[in-house]
Amino acid sequence: MSDNSSKWVLRASNLARRYGSGCPYCTTLTGPDHDTNQCQVCGTVIACSGISFDLGEAETLGIVGESGSGKSTVMQLVNLSNPADTGELWYRSLGTSNAEPINLLALDKFARRVFRNQQLGIVHQRPELGLNMNFTVGGNVAEKLLMAGWRNVGQIRQRASELMQLTELPPSRLDDDPHTFSGGMLQRVQISKALSSNPAVLLLDEVTTGLDLSVQARVLDLIKRLQWELRIAMLVVSHDLGVIKQLASRTVVLKNGQMVEHGLTDQILEDPQHPYTQLLVSSTL
Amino acid sequence: MKQPDSLKALITQLTAPSEEATSSDREQEEDTLYNFGFIDEDSKREVRRKLLKAVAIPGHLVPFASRDLPVAKGWGTGGLQITLALVKPDDTLKVIDQGDDDSVNAVNLRRFIQKTTNLQVTTDTLEATIVQTRHRVPEEPLGEDQILVLQVPMADPLRWVEPSIERSTEMHAEADYAPIWVYMYESVVRSGDVDISSQYPVMVEERYLMDTTPAPRYDVPALHMSKTLYLYGAGREKRIYAIPPYSRVAPLEFEDYPFKTEQKPGQACEKCGSTATYLTQHYIEAKSVDGTASHSATNGTEGYWAFFCSDTSYCNKRKKVI
Amino acid sequence: MGYVATKGGTEAVLKAEQLVEYFRLRGESEPIRIEQIQDQFRLAVDRAMGEGSLYAPALAALALKQSEGDAVEASFLLRAYRSTLPRLSYSLPTSGARMRAIRRISSTFKDIPGGQLLGPTRDYQPRLLNTLLNHESSQTVRRYLADFEAQVRQNSPSDGQVGYFPKVIESMRAQGIMAEAEKGAEEEEPFDVTRKAISFPAPRSVRLQILTRGDNGSLLAFAYSSIRGYGDVHPTLGEMRVGYLPVEVNHPLTGEVVEIGEILATECEMVSRVKSTNEAEEESSPKFGLGYGFSFGHGEDKAVSMAILDRVLSASKAGKLHGQSGPAANEEFVLLHVDAIEASGFTAHYKLPHYVTFQADIRVLERAKDHATAKSAESAEKHRRFRQKLALPTEADEVERIMPDNGEDEG
């Protein structure tokens, strides 16, 4: 779907996730045309289906939709924390020139966890989902490093301090409790933790939702700076077209668990094709 | 099976009009009431099967049914079930608690085992075929023909970071041990070094995280490449695990905060002079003129704190040699 | 150097045993007969049998005598004894409908098929200490029994089927307001928690066994927590019955069903409305769910508590809207902590020597102390330099200013 298809790092193909027993009518009776994602026959909820996209090297892809559109489920599927019922999720390492793509959904549980730790970093809307509030900030940032086998406290603290600097946090607060941090700062701690393992893809799930506007703006500035400096691929999920506009070069629009539109963000904003996207755009701009 | 007869005997006794039981009746009751080793043979076989599984997967927690014993749960019922499932009439048994053969709990367990097996017992570590212990590994190195049975209260080292068994079982299966490492990191940050005093977590054969029971860190190196089979039983938690002979056992440590034992250089046992044993503190009452111990509160002479070997039989052996 | 002898553990243990016996007997009153305990401490015996997980009133009475009335100690003795018994046979499944009831009530409907039967209950008695019991004699007992029996003879119905009732839950099922139990699980051979290792998530038979063997007080506390505020299941007592249940086995040779005796038991069924998270299911057929409680002997608090907990845990495990909140909705939390023998054993194990581990704790404490001292010295130094840089008075000067020292010792 994009021109640089040869340069993708992550490729989702026909991902679907449902909750319930399922029946032959599920797929034909749900989706944007029926304005529901629940099957009227068997009651099964089709959280998402037919999700396909490429995430290019150093690219940021936005996923936008209202609550219940399935965007959080898509994020969970990509984060390998929620198993997809069908579809494939391909990953290609860009470090080595001739690396074969691997289907992440075919990996066993152990390999999935290792991959998630090493190659993915996720930032949640609610910090307590991404952080252990009983550990110090340093301990939280250290977690992925320890999982990857780092066994030197000095080196771990050095790395954690660098990450705090990178995310504009005072390294002097390395040993403080997360409770003493503000909402915006906690998002920076989450970003530090997510980046600690030098992941291939950073997943951002409504990271600025619920923050003050000024704080929101500064967190978005930080993410934009990281896009430039780290050249890391990002997947941004948000209900807010404003956030998507600032961060994502390309965007997927979800409704009732299905993709209704995808393309360059600017194009979607200027010339939305699907009536739902038109509604979305006109209500924000 | 003797039980049905003994049950009948007991019921008759209960319903008999005369409540007077002669002392000879009592002795008879002790002899016939219980199976060799108290628990029934089927249950013993279950324990032995689980032990085989535990030996086959070093450091892995194996669930077992865990029968009720006449000893309180949490007081050594796991170790006891292993011992009772393994002992043969020709075994020689040593039971210690805190390294001490004469500790009240060791006495109680030994009495129970003897009462139901009539086994030969010893305090000499080297004479025993099976040593059951709580909180200590004996000082004298054990051999290939000996078995060390350890009583375990908590069994799963992940309990510190994850209370749910369902979740921690999954973590063991996936070798997902990051949380315990964060716990270690946090303790370094908060208290300057890893502040785990006993029950130190180890990795067995680079695969399973294992609880070493509340033994001091001093005892941890004895587990690595040991000649002896180590069997661990947690009765209340219903888990068995093992370190087979010559297994690699590594305490969790950081490169810059290496694992240390609590040994203080230069400190010696005041009885046998040993500087290379685990010592515990004891208060020594001051003696009055007539030789009886007197309390410092009632007269001016103060008692004092002294360090002794916690392994009493080893200490006595050394004293005899000196 | 003289040391107090370290030998003496054995002697102390033996002497302690003698002392226990001495304290049990030193009142020199008439020794209690087992029969008396069995008859007159009926409910204590029932509780010991339940928690001891062994239906043997005579042994339970003996255990109570030996333990001087300590309920947990008595059930501990029974459990240990139970361990020595071979498993000769399994009884056949029975149903509460076959109970010859001495009491059966329901709070769902005033009139139920078969009617309410109050039976022997203290529920509606004012709890006043009865000083007349101070003067009870064999004569007063005999007189009471004679009077009571005469009264019964006068009013007794001739029907031999007295005491058998249809189940209230069955009539609710017939009305179509009860959710059906999951098929399959019902037919499975129950899991034997005393013979097999349990792991989580556990089947319902594990839950029911652990709960019925559980400590009365713990079940009561957990159930109470759930209905008082830390939970959202609002149950109603469908039916509770107390009475005699037949115990049947297959004859080992002929295979025929043989009744080998009966046991006194209490059974309770609690119902509660549980909203489904599945909207479609919720709209099509809202139902009541069932919680089951069972106790050896006459044990109403236990049966009711157990039924509440079973209901809460079923709802919680099915992922229903209700039953998610509160500690009592966590299966592991409830099942791993209700056993009196396990809980008291581990709680009491702190009385055991911990000399070795405490010594290790002291060493770690010393190290942490050194660390804290070093850290606070470091921060004091930083503070001092900061003050110096800003030319602020030193802390000592500050103290001097606030609390001037006149060079005199106070009073």
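Trainee: How many residues are in H1(C), and how far does it reach?
Mentor: This is a predicted model. In it, H1(C) has 17 residues and reaches 25 Å from its first C-alpha to its last. That's close to the 24 Å expected at 1.5 Å a residue.

Trainee: Is H1(C) largely buried or in the open?
Mentor: Of its 17 residues, the number buried is one, so H1(C) lies largely in the open.

Trainee: Okay, on to the contact. How many residues do chain C and chain B put in?
Mentor: Chain C gives 48 residues and chain B gives 56 residues. On the chain C side, the elements giving two or more residues include helix H1 (9–25) and helix H14 (355–389) of chain C.

Trainee: Which element has the largest share on that side?
Mentor: H14(C), with eleven residues. By class, the side of chain C that touches chain B has 24 nonpolar, 14 polar and ten charged residues.

Trainee: Switching to chain A: what's the strand order in the open sheet?
Mentor: There are six strands, ordered E6-E7-E8-E3-E9-E10 in chain A, and the pairing is mixed. E6 and E10 of chain A are the edge strands, each pairing on one side only. From one strand to the next, the twist averages 15°.

Trainee: In what sense do E9 and E10(A) pair?
Mentor: Antiparallel, over six bridges. A:Arg250, for instance, stands opposite A:Leu264 in E10(A).

Trainee: And which helix packs on the sheet?
Mentor: H7 of chain A, touching E6 and E7 of chain A. The direction of H7 makes about 170° with that of E6(A).

Conventions: Residues numbered from 1 in each chain as written. Chains lettered and ligands numbered in written order. Predicted model: local features only at pLDDT ≥ 70, side-chain atom pairs only at ≥ 80, totals over all residues. Contact = placed C-beta atoms within 7 Å. Helix = DSSP H or I, 4+ residues; strand = E, 2+ residues; numbered from the N terminus. Nonpolar A, V, L, I, M, F, W, Y, C, P; charged D, E, K, R; others polar. Expected span 1.5 Å × (residues − 1). Buried ≥ 20, exposed ≤ 12 C-beta atoms within 10 Å, placed from the backbone. Pairing = 2+ DSSP bridges. Axes fitted to C-alpha atoms, helices over the stretch in contact; angles between N-to-C directions.
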